[in-house]
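Please look over the sequence and the model below with charged side chains in mind.

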Amino acid sequence: MNVEVTPLPGIGVRQDFSIRSGRRIGVISYRDGKFELILSKQDDPDATAASIPLAPEEAGTLAGLLGAPQLVTQLARQHADITGITTRQLPVTAFAARTLGDTALRTRTGASIVAVVRAGHAHPSPGPEFLFENGDLAVVVGTADGLDAAADILTGG
């Protein structure tokens, strides 16, 4: 898909694309950290038919709903032949503004974070210096027990 990026001086950035119906759907990312989900009118792709203001954590959650399941499904297919290994997406609520290394997740659980989904974009193979933000979803691979322990750590610290 071709995503058009339009700078909005003094406001932020608009990113949108055409969907099958000919309408455009996208997001305005404001300089203050807020977002707005936008949908064009059917007969005029430059005019807005609907807009929904979103707080950063709402935008992150929506992005996770749209993007993370595809990544998790792909990883699950790849691990289907490996007994005892599963993939799960987990919200990172206890480590916002902290690094992946701070979690000591692999050492504590044996599970590994293979990607982080943020605002609809996957960040594959994050290193220990990767800084988590509110709304991040971690894609974690491990045993069932390891994933349960990882969920406890990422949501409770």
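Which side chain meets arginine 88 in a salt bridge? The partner is the side chain of aspartate 148, at 3.2 Å from N to O, where a salt bridge is a side-chain nitrogen of Lys or Arg within 4 Å of a carboxyl oxygen of Asp or Glu. This is a predicted model, in which local features need pLDDT of at least 70 and side-chain atom pairs count only at pLDDT 80 or more, while totals for chains, interfaces and linings use all residues. Residues are numbered from 1 along each chain as its sequence is written, and side-chain values use heavy atoms, with hydrogens and water left out.

**Arginine 88 and aspartate 148**
- Arginine 88 lies in strand S6 (residues 86-91) and aspartate 148 in helix H4 (residues 144-156), so the pair ties together parts that are 60 residues apart in sequence; helices (H or I, at least four residues) and strands (E, at least two) are DSSP runs, numbered from the N terminus.
- Arginine 88 is partly exposed at 29% relative accessible area, and aspartate 148 is also partly exposed, at 39% (buried means under 20%, exposed over 50%, partly exposed in between, with a 1.4 Å probe and protein chains only).

**The network around arginine 24**
- Salt bridges link Glu4, Arg14, Asp16 and Arg24 in a network.
- Within it, arginine 24 meets glutamate 4 at 3.4 Å, N to O, and aspartate 16 at 3.1 Å, N to O.
- Arginine 24 is buried at 12% relative accessible area, as is aspartate 16 at 4%, whereas glutamate 4 is partly exposed at 39%.

**Total**
- By this rule, the count of salt bridges is seven.
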